[in-house]
Amino acid sequence: MVSRRGLARRVAVIGGGPGGLYAAALLKRLDPRREITVWERNAPDDTFGFGVVLSDETLGGIEHADPVVYAALEAEFVRWDDIDIVHRGARHTSGGHGFAALGRRRLLGILHERCRSLGVDLRFRTEAPPAAELASAYDLVIAADGVHSLTREAHADVFRPTLTAHRCRYIWLAADFAVDAFRFEIAETEHGVMQLHGYPYAADSSTVIVEMREEVWRAAGFAEADEYESVERCAKIFADALGGRPLRGNSSSWINFRTVVNQHWSDVSSDADRGSSTDGSSRADSGGSSRGHIVLLGDAAHTAHFSIGSGTKLAVEDALALAACLTEQSDLGEALRAYEAERRPVVESTQRAALASLEWFENLGMYLRQRPRQFAFNLLTRSRRVTHGNLRLRDAHFTEAVERDFGCPPGTPPMFTPFRLRDLTLRNRVVVSPMDMYSAENGIPGDFHLVHLGARALGGAGLVMTEMVCVSAEGRITPGCTGLYTPQQGGAWRRVTDFVHTHAPGTAIGVQLGHSGRKGSTKLMWEGIDEPLDDGNWPLAAASPLPYRSDSQAPRQLGRAGLTDIREQFVAAAWRAARCGFDLLELHCAHGYLLSGFLSPLTNRRTDGYGGSPERRLRFPLEVFDAVRAIWPEDRPMTVRISATDWADGGTTADEAVDIARAFAAHGADAIDVSTGQVVPDERPAYGRSYQTPFADRIRNEVGVPVIAVGAISSWDDVNSLILAGRADLCALGRPHLYDPHWTLHAAAEQGYAGPGVNWPLPYRAGSRRPQTGRLDAPKPRLTLDG
């Protein structure tokens, strides 16, 4: 049974915002013997911003932990369900979203009252002593001192913060009337695009945030405007949304949002807890010396962009988790470690969603050409937390209207709509991504490849891609890689394409051609990925004589004769691929292989006509593309896979990726397969769900070329969302198809779809309905803080 005697008898809280106050109230309520002091440098009624939005999930935690606070909040909340999006004069409403908001000043007032009633010492208009000084007198110091945290700055060597400023300016304002929905309105001005975010927080008040990119802000003259002028001008720009009514500020200024990430949230070391005994009492109580612990909470620890409304929510949830961990654990150090372990994954997930939302608004201009209803859907699903599936549950009428505009026949999910590339019509938008199997002998695909690719073709995808098929023996990655440089290899591939076309009619099969470059002559993946062979090595060639790793073989730099030979190897392989009956050809210019090695400034250090500027680095890949396109049948499409970022300083950037895609499209590429990374071994990818799709999104909407999105797309709901929002035309999935070769068929069954976008093979039709499963009871809540 959990003891209600909490750790940390004396607690100092720096910062009297919602997170700090709520932590103080919870800790005092759970153990009335605690001595808790809150320092707040502002007056009780001082506040910045106007309204606060809390989710039902957060409110549920408050209700369990402190019914008094919950009841007070419940009495004040303004609730609504709708989101309005106004774009080019069209207003579209989506319902069923469930918001609750109240004024920030009232929220603080409720927490002040609760703290006072519990006996928390609130010290307003008082600068807190430095955290290090407080730590010598208190068992625990909670630094809830906001995005500009002095505590975090003073102890940067401990917390190791990273602060990233973003490209938009925004200003917090208010209107003295309640808008009737969460409203997003877009204004296309002579200076550029501006947007309004507005929501009610009282019966007669609304928060209004105006945001625009830095260059638009400067061009519009806001850099020279004072608060009064800014408020007046914003009211005029968004007069329609405001009904001609004024806006007001509160010491409002234009801000660049900063994302705060800390490597550590507390000063707990890997050693045993040094400041308190296992019963939670300070060693100073018995005459010994004492060292307190410092922990970050709320915006001091992490920030999430206001467009997903999570700042106060995260701070309150931090307070709940910290109080729970201090109650559950018997050691203060373990409690702080448990708090961070519990909260960090939640925060990181929220920050990924917030970053996706932030970047969507930063790049708003590239979506303006979308039809208004698709634009609205795109905005609603921008963070990837709201998806096609849950938006359908919230508002089926709106979602069905978006589907009709998109061209979905009745009852057809977006992923099962056809897509045409030249004379090839794919029956659905699912692609089995190229995946190296390292299972060939002498480059010849065998029974394994027949079964592997055949199974996935039977599984319902619109397009099945081979692994990277090498254009020469020297161009292999490993001894187990397939090729198309001998007649025997061509005959073996013909066996695969014949199987697919005969037994999975309607499924297309594509070949990906590539050359390993400096990443060749390595072991099979499961024997040591990227490790050089112990023996039997072959010579490597690359754009520049740079080994991939310190223990890798150094390649020779290709001269003119070598470049010509390799170009002709691609041409010969493409000719064989056409004779094999492949429906589509993809040129592999990604992941640090040969053609990718020419594109990246990290791997191309040449000083001739094939190195230096981006245009020169593109020269050889475009020569290969043109030569292959010239012999590839005119009616069959050709795509290019690129790495849209190297995830490394000095490497290919997202801006350069747009230019690379534009160049290939100008030379006749029918689609760009947008991947990232794997160019240098010291890359730092920002992994997460659908983490590569924003690069595809940008290329599609800036260049106007069809794109294949890849990268941790794992659910059919994600595929539907990306396609319907206009962020991708096709979605390539790799690991999900290793887990389930019939992923597409099962996606159809789970959505109740049985139309022409998918075809169950006759022998499999008995399995087209999902099997029954046993009952699974949901787990009970881990902890109820009932005092």
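**Entry 1: a leucine in a loop**

I looked up L484 and found it in the loop between strand 19 (463–470) and helix 17 (487–503). Helices (H or I, at least four residues) and strands (E, at least two) are DSSP runs, numbered from the N terminus. I am working with a predicted model, in which local features need pLDDT of at least 70 and side-chain atom pairs count only at pLDDT 80 or more, while totals for chains, interfaces and linings use all residues. Residues are numbered from 1 along each chain as its sequence is written, and side-chain values use heavy atoms, with hydrogens and water left out.

Is L484 buried or exposed? I read 0% relative accessibility, so L484 counts as buried. Buried means under 20% relative accessible area, exposed over 50%, and partly exposed in between (1.4 Å probe, protein chains only).

I then listed the contacts of L484, leaving aside neighbours within four places in sequence; among them are V469, C470, W493, L513 and F582. Contact means heavy atoms within 4.5 Å. I also noted P445, which is 39 residues from L484 in sequence and 9.7 Å away in space, C-alpha to C-alpha.

**Entry 2: a pair of helices**

I turned to helix 21 (residues 614–631) and helix 22 (residues 654–666), whose axes come within 11 Å and cross at roughly 35 degrees. Axes are lines fitted to C-alpha atoms, for helices over the stretch in contact, and angles run from 0 to 180 degrees between N-to-C directions. Helix 21 contributes P614, R617, L618, P621, L622 and F625 to the contact, and helix 22 contributes E656, I660, A663 and F664.

I traced an open sheet of 7 strands with mixed pairing, in the order 6-5-11-12-13-10-14. Two strands pair if DSSP finds at least two bridges between them. Strand 6 (90–94) and strand 14 (255–262) are at the edges with a single partner strand each, so one side of each has no neighbour in the sheet. From one strand to the next, the twist averages 25 degrees.

How many bridges join strand 10 to strand 13? I found 8 between strand 10 (residues 161–175) and strand 13 (residues 205–213), and the two run antiparallel. L173 stands opposite V208 in strand 13. Helix 9 (residues 227–237) lies across strands 10, 11, 12 and 13, at about 75 degrees to strand 10.

**Entry 3: domains**

I checked the domain assignment, which gives domain 1 (10–268 + 291–361) and domain 2 (417–765). Such bounds come from an automatic or database domain assignment. The centres of domain 1 and domain 2, taken over C-alpha atoms, are 44 Å apart.
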